[in-house]
Amino acid sequence: MLLTPHTLVGVAIATNISNPFLAIPLAFISHFLGDKVPHWDFYSNTKKEDRVKGWRPLAVMGDLSIGVAVGVAYTTYFLWVKQDVALALSAFICGIASVLPDALSGLTIIGGKENKFLGILNKIQSKMQFQAPLPWGILTQVVVILISLYFIKI
Ligand SMILES: [Zn+2]
C-alpha cells in the first residue's frame with residue numbers, strides 16, 4: 001500500500017488507543033494488514049532493477065513526503081491546538097511505526113544489501129502484498145484513507 005494511507009491508519013490507531021505501549025506495536029502490525037488490502041503501488045509488478053531508476057523512486061519520495069506531512073500536521077495539531085503532548089507523541093510515533101516496514105525495505109532497495117533481519121522482513125513484506133490493478137488498486141486505498149479519517153479523533 002502507499003505510505004500516505006499507512007500513515008493515516010497509524011494516526012487513527014493513536015487517537016483511539018490511548019496506551020502508547022499498545023498503540024505503537026498495533027500501528028506497526030497495521031502495516032502488514034494494510035498491505036493485505038488489494039492495492040496498487042509504485043512497485044506493483046516491477047522487477048528489482050525498475051525500482052531504483054526512472055520515475056518510481058521519485059514517486060515513492062513524493063508519497064513519503066505527503067505521508068510525513070500528514071503525520072507532522074496531526075502531531076502539530078494535537079500539540080498546539082489540543083495541547084495534548086502524550087497524544088501528539090503517540091500520533092507521531094504511530095505514524096512512523098505504520099510505515100516502518102516499508103522504510104526498512106526501502107533501505108535494502110537503495111543499499112542493495114540486506115542483513116538477516118531485513119531479509120526476513122522483506123520476505124514477510126512480499127508475501128503480505130495483495131496487488132490489484134488500476135484503478136481498483138487506488139480506489140481501495142481511497143477507502144482506507146476515508147475510513148481512517150472517519151476514525152481519527154480530532
Ligand atoms: Zn509494506
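1. At roughly what angle do the axes of helix α1 (residues 3-16) and helix α6 (residues 136-151) cross, and within what distance do they come? They cross at roughly 20° and come within 9 Å. Because of that angle, α1 is roughly parallel to α6 (angles under 35 degrees). Axes are lines fitted to C-alpha atoms over the stretch in contact, with angles from 0 to 180 degrees between N-to-C directions. Helices are DSSP runs of H or I with at least four residues, numbered from the N terminus.

2. The model is predicted; local features need pLDDT of at least 70, side-chain atom pairs count only at pLDDT 80 or more, and totals for chains, interfaces and linings use all residues. Residues are numbered from 1 along each chain as its sequence is written.

3. The crossing of α1 past α6 is left-handed: the near helix is turned anticlockwise from the far one by less than a right angle. On the α1 side the contact uses P5, L8, V9, A12 and N16. They meet Q141, V144, I145, S148, L149 and F151 of α6. Contact means C-beta atoms, placed from the backbone, within 7 Å. By class, the α1 contact with α6 has 8 nonpolar, 3 polar and no charged residues.

4. L58 lies in helix α3 (residues 55-81). It counts as exposed because it has 10 C-beta neighbours inside 10 Å; the exposed class takes 12 or fewer. Its C-alpha atom is 18 Å from that of I138, 80 residues apart along the chain.

5. Mean pLDDT (predictor's confidence per residue, 0 to 100) is 94 for the protein, and 100% of the residues score at least 70.

Terms used:
Helices (H or I, at least four residues) and strands (E, at least two) are DSSP runs, numbered from the N terminus. Angles under 35 degrees count as roughly parallel, over 145 as roughly antiparallel, 65 to 115 as roughly perpendicular and the rest as oblique. Two residues are in contact if their C-beta atoms, placed from the backbone, lie within 7 Å. Ala, Val, Leu, Ile, Met, Phe, Trp, Tyr, Cys and Pro count as nonpolar, Asp, Glu, Lys and Arg as charged, and the others, Gly among them, as polar. A residue is buried if 20 or more other C-beta atoms lie within 10 Å of its own, exposed if 12 or fewer, and partly exposed in between; C-beta atoms are placed from the backbone.
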